[in-house]
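Biologist: Could you take me through this one? I have a few quick questions.
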Amino acid sequence: MESKKRGFQKGTHLLLAPEEQAEMRETIITRRPEEFGIPGSLWTLKKVCAYVWKRYRKKISDGSVSDYYFRA
């Protein structure tokens, strides 16, 4: 008998829609945090979390930000 993988399948149960993920990546590449009222001129994981909250009213973790960024 083969054992089944446990937990959610990769790519399911995402908080941000694919369009939101793409917009987040584009924003990080082309804009600065201070343009959105977030102090500082360089993006950090915490600042991206703050941006996602301001833009979409969705709370995500630092690890999720990294996952979303590299999911392209």
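Modeller: Leu 45, Lys 46, Val 48 and Cys 49 in helix 2 meet Asp 62, Val 65 and Ser 66 in helix 3, where contact means heavy atoms within 4.5 Å. This is a predicted model, in which local features need pLDDT of at least 70 and side-chain atom pairs count only at pLDDT 80 or more, while totals for chains, interfaces and linings use all residues. Residues are numbered from 1 along each chain as its sequence is written, and side-chain values use heavy atoms, with hydrogens and water left out.

Biologist: How do the residues of that contact divide into nonpolar, polar and charged?
Modeller: The contact of helix 2 with helix 3 has four nonpolar, one polar and two charged residues.

Biologist: And at what angle do helix 2 and helix 3 pack?
Modeller: Helix 2 (residues 45-56) and helix 3 (residues 62-70) pack at about 85 degrees, with their axes 9 Å apart. The two are therefore roughly perpendicular, a term for angles of 65 to 115 degrees.

Biologist: Switching topic, is Lys 47 buried or exposed?
Modeller: Lys 47, which is found in helix 2, is buried, meaning under 20% relative accessible area with a 1.4 Å probe, protein chains only.

Biologist: Which residues does Lys 47 touch, then?
Modeller: Leaving out residues up to four places away in sequence, Lys 47 touches Pro 33, Ile 38, Pro 39, Gly 40, Ser 41 and Leu 42.

Definitions and conventions
Axes fitted to C-alpha atoms, helices over the stretch in contact; angles between N-to-C directions. Helix = DSSP H or I, 4+ residues; strand = E, 2+ residues; numbered from the N terminus. Parallel < 35°, antiparallel > 145°, perpendicular 65-115°, else oblique. Nonpolar A, V, L, I, M, F, W, Y, C, P; charged D, E, K, R; others polar. Buried < 20%, exposed > 50% of the residue type's maximum accessible area, 1.4 Å probe, protein only. Lys, Arg positive; Asp, Glu negative; His and termini not counted. Salt bridge = Lys/Arg side-chain N within 4 Å of Asp/Glu carboxyl O.
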